[in-house]
Amino acid sequence: MMEGRCAAESWAEFGLLGKSGSSLVKCGTGTDVFICTGGEEVYVFTAQEKTLRAVLQMPAAVRDVVVSHDEQLLFVACWSGVYCVNVQLLVPSFSHDAGSGPTELKISTECLVAVADRVSSLLVVGSVLLTLCRTDASWSLTLYQIQRTSQSDPCDLLASFSLPLVSPKVQSDTESRCVLVCVYPGDLMPASSPPHPPRSHYPLQPLLFRRLFGAEAALSKSPVVLCGLPDGRLSFLPLRIPGSRLRILHSLEQSVVFVGASAVMETDAGCAGCLIALGKQGRAVLIRAGRAGLEGGGGTRFTLGCVPGPVECACMDQSRVYYSTGSDLLMVDLWDGSSGTAGRQGDKEDEASRSNPAAFLTPISLNVSGVVALHQPARSSAGEVQLLSLSVRGRLQSIRLPVRTQEDSLSKGPSSQVGRSVGDILSAIGDICERASVLKTIIRSKNQILKQLNQVVNISFLLSNRSESDLKPVRCRGSVRWSRLLQRDSLNLTCVLENLSPFVLERGWTLSVTVLPLSCPLEAGGEASSVNYSFPFSGLGPGESVEVSLPVAAAGDASFPVTVTCSLLFSLWRFLGQEEATAPLDLQSACFSLPLNTLTVDWLHALRLSDPPAPARSSSSPADLLQGFISSRQLRCRGGQASRPEEYSARVRVSSELLRDALGLAPGSPRVSLLEWLLSEGCGGVKMERKGIKTDGSSSVICGSAPDNATVKLTAEEVNVEEKTKPLVIVEVQVKSSSVAAVCGLHHAVLRRIQTLLQKAGSSRMVPTTDLRLALQQAEEQRGQVWEASSVGVSSGQTPPLLLRVYQQLRDGPLLIL
Amino acid sequence: MIQSTSLLESWTQENNQLASGCKLSSHVFLLLCLSLSGIPPHLDRAQLELSVVYNTCVCFTAQSQFDEAELLLTQTAQRLLQIAGDDPGTSDPSVLWRTALKSVTGTALHRRVLSLLCLQWGVWLAKSRLTAVQDFQEVSLLEAQSGAVWNDCRAETKEKISNIPILVLDPRRLVDLLKICTAIVQGAERLTEGWSVLSALQAASASPAPRALIAYTHLLSGSCLAHMNRPQMALQCYRKALETDPRCVCALYQSALIYSRLENSQAEIQALRILHSMLLLPSTTEPAMAADRLLSPSLFLCSQSLSSLLSVPSALSVLHSLALKCVIHSRVSEGVECYLDLLAALQSEDQHGVRVHAAVSTLPKLPRLYLEAGAALLMARRPADCMALCDEVIGSTLDLLPEKVLLEDPVARRVAGSGEVTEEAENGLVRLLWTAAAYLLQGHCYSQLKDWKQAVTHYTRCINLLVKVHYKDTDKDAEQGVDLCVLQRLKGLSLAGRGISFAQIDRLREALRDLQLSRQAHPEGVSARRWYGEVLWRLDRKQEAAACWEQTWSNPIPSLSEALPVYAQELQSGPLLDSAELRQKLQELGPT
């Protein structure tokens, strides 16, 4: 729509902007402009001669600058207080040669007129100076009386008002400035004010004024101070009403950057019928007077709108808002003829715009980048608008907007280009360059993010398309080992994540491991015992692996088997380079979650092997038997019947032939290799790290201790039996322990392994897996009962019979697998 | 030894230079003090050291750095005990000082230690630690006895003045100041606790002290007497306080309160008037203590109960109560002047209006002030001015009025939270009452101008507004009660006004209806009842009229009260019925 490019003319360079203070351009006396570049200096620039007239060196970084109504005094807010400088000092004396450079003034603490901590903004209303400061718990607006006689005396404190902070977290951003403006009823012209209202002072339509601030404020014709705070609140204070206080007008929910007022209708006669506030992220609110007689007597319409942010700074003239996003300068016509003047706009249309705020304000780009501070626009008699701006590089430029009439936009002849000086065009090119470089970096980072997102999506597809049984190209292997740390034994699982896919797992992925004991009672709240571990890793190429280690169980903890679920996570916030803590709450959980395989750690994994007992015990020589008998007698005699721990046992029988086939062994002694296999083979994706299994020749025996510290004996023997009148050689695995839990758990583990073994072999051979499954179910049931029994408590009378029943069941059914 | 002596002399000289210098600063004294404390304590140097400590502490106290002063004093006491080889084994200041004083009894150091002890007293007083001060008072008796010794010492040392370290403040003056300040603070504390402290205060008022402080003792005596229900004696005391210190505005304010209690309205108005003019003088709130003095008495008078006894409302609040009193006690023209002054002050551009914030305002809301002023103008027969004021109120409130106001059940409202009511001060009902009252006053104005049609119009507007308020229960609770009462009265008054206006233009039926309704809304309305009788009479229902008049004969129109806004009361501004005529009519009726 706006084809005519604006002309940006560079006037002066002030060097790169400082960080400690705020960047400002404010009009001063006559054609003087006060410029702060974020450091400790205030520059006085004459727009007429385009020269730097004076430099004020302040004791600290400058936060705000304001000129008194009579244009005699300049107030400068630093971090620690407000300084007052007589403007006359800035005018070069007659003896002073105009060509000899700017006057330099060092401002000392003698000029300090108000001591205040953390001053954020200043405003002068009549003979009252207002400061807005942030204290630890509140915002405080303080009123001072300006001294007319001698400006070096400290100002009298008139009053102070405070508004508590919402929450410290929201307002961690202490650097952002607050906005202070003054509005007064439009039918009142302050006698002492200059004919043109000073910056930050707006005459308001009397009806709107009454509606917003009440009858009392209207009756007293009091000026009202509006504060826009970084927490988004817009609060107001009527100055002249006894006992008034700061109250909230509206909350923008984002840092308020600009508050202004606009004259909407022709009938307004110079006073504004609409208040506008702009937030940092582009949210805007327009406040107008609605129809009379609405419920509650309010009748003010708050229209919410939205402009593309972020808003760095803004200014406005009669009906247009100019604002900078840092990369571009934009202009918003509030009451564009095409969208309907507010005066003619009906309520219905207004409702529509409220429901769809994005459509409400459409900005027009002016193609000027890097603007961090704007000065109130000046309109020449020809209708040309001139803006003064300060760029991020510290350049003061005058931006001249072409005359905006319908004809102009239609017949934009080259004649407008002819008169433009080469300097204008050069500086415009410079602006475009700056803007292009800003845009380029944005595009580069966006590309980077897209590439990363592509990788993530690839991996997601790869991993989510397969069923659980398939081997996933990215998976975990595990191995367990007992380790001793600080006198405590614990079972550690080392989990190896292997990337066998052709893609790179880039930085940002997290391996999440959940450890869940299977046998925890569900009614006691199953989730309580599950533990989750996250391991962020930085990049994993194809074929590479990464190893993590985590504790599974401690000694004495008998809650096996344990399921270890592995999954890969990728948080979307990684794309934006933000930590999760700073992300908005609803987006913190936004992530890709890809389940990998599941590992199981069972009783056999957790078995701690000890040396087998003296061979005498297994080889039953008569002397040993006797010795054993005697010792047992002794025990029995000494401790009575109950003291002898009962031994429980359970058996699993497998046909030797089957085993041989399944294990792929030569015909020999399958029992030894069966035990070896049971203890060493990775089952459920988990391996055991053991030194070597000691077995003796004929009947292999393995002794160890279960995690609940009960001693356990595993034996495997070849036995000849007759099954369905057929002689058979079978291998019998027997589990013996004084602990029922251990016996049950181990029995279950042995069965499970044989099941997987036979399933593997099953493809080539018919295996009675149904029987096996039945046995497995039974074993699981028993394990559950044991758990129940132990969780009910040993003291209750029901436990022993129950355990006995389980034991009986175990004993009675030595399963035979053919 | 020679070196030490010369050092001693140079330190003494330094102290004297500092003390006689025009600008006293605690820093330089503290430096000297530190250099002295660097050397081990010794009796020879003790004299000088104690003097320097005294000077430092006086400077600290003058700058309100009481903590620093106290720390230094305690350290000095400990050093003194080191010299004496005494160790009380405690850091409790009062024990320390007692032991220290005992150890130096009879030596040349005694009076120096005493003067330091006085400073400690001052610090305690400034920090409102009155129990510590009380403990100390027995020691102060002891000090009084030794006063004679001091003078001797002084006469003796006058000869070799150069060798004696100069003190920045004469300890005797310090003692005098502390004595009276203690009496004042203790008096205020006990008075708040309900004790009688007359004798102590009267004793204090005889002591040599600045006028302002003496005035405070009189003032406190007065407050004490007022508590004891002896208003006349209290007034005497306040008068004495004012005689002693004419700037003691608090005495004026207290007198006004007592006059108000005695219902001596003329005197009260007089007192308020003087009080207001005193408050407008620059810097009257801060009693001007002698500027040349080092220690200001206000340093020691920071007790909470004292400041609450001494507090005076702001000038604008005083002006408002003055105006209201004048209007109520039929000094209408004065009241009008005051109201106009008040409105001018509130409108003024300068800092005066802003400064009101400083004190907690007791002023009513601005529209109410306008309406009160309007009522006063009406009573002063200035209807045009009254109408202008009412126009302003109507202009600022009219488009903020709700369509209707529904007052909830008072019980439910109380449950909803009483804090809400004060929060939303300018709610719909209040605004509506303001606007209605403005219309009522305009109606009164027109009836005063005998423009009956306009009067009827404005009364009607008022009535139309008032009927927008709906409420279920007439149970009056404390908060809404005043508003409801005002509502009823406004209804009664506007209906009566309209009825009277109708009667004036001979629309007797409407007049009778309105007056009847008015009697229902506000049964106490006297003029409505009299006019009701008049209209009945004119309708030739003479017996009824006579009955009605008989009923209202005895009670006159009640005088204005402070409980309700002036504009919601009967202002006697409209047409009056001549009572002699009424009586004549009754007599005519009698025989028939």
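In chain A, four strands line up as an open sheet in the order β35-β34-β37-β38, with antiparallel pairing; strands here are DSSP runs of E of at least two residues and helices are runs of H or I of at least four residues, both numbered from the N terminus, and two strands count as paired if DSSP finds at least two bridges between them. This is a predicted model, where local features need pLDDT of at least 70 and side-chain atom pairs count only at pLDDT 80 or more, while totals for chains, interfaces and linings use all residues. Residues are numbered from 1 along each chain as its sequence is written, chains are lettered from A and ligands numbered from 1 in the order in which they are written, and side-chain values use heavy atoms, with hydrogens and water left out.

In the antiparallel pair of β34 (residues 509-517) and β37 (residues 562-571) of chain A, nine bridges do the joining, and L511(A) faces L568(A) in β37(A).

Chain A also has an open sheet of five strands, in the order β2-β3-β4-β5-β9, and here the pairing is mixed. Its edge strands are β2 (23-27) and β9 (103-106) of chain A, each pairing on one side only. Strand β5 (residues 51-57) of chain A runs parallel to β9(A), joined by four bridges. L56(A) stands opposite L105(A) in β9(A).

Now over to chain B and a pair of helices. The axes of α16 (residues 315-328) and α19 (residues 366-379) of chain B come within 11 Å and cross at roughly 35° (axes are lines fitted to C-alpha atoms, for helices over the stretch in contact, with angles from 0 to 180 degrees between N-to-C directions). On the α16(B) side, H320(B), L324(B) and V327(B) meet L369(B), E372(B), A376(B) and M379(B) of α19(B), contact meaning heavy atoms within 4.5 Å. Those residues split into five nonpolar, one polar and one charged.

| Span (chain B) | Helix | Strand | Distance between end C-alpha atoms |
|---|---|---|---|
| residues 215-248 | 79% helix | 0% strand | 7 Å |
| residues 436-469 | 82% helix | 3% strand | 11 Å |

Definitions and conventions:
Nonpolar A, V, L, I, M, F, W, Y, C, P; charged D, E, K, R; others polar.
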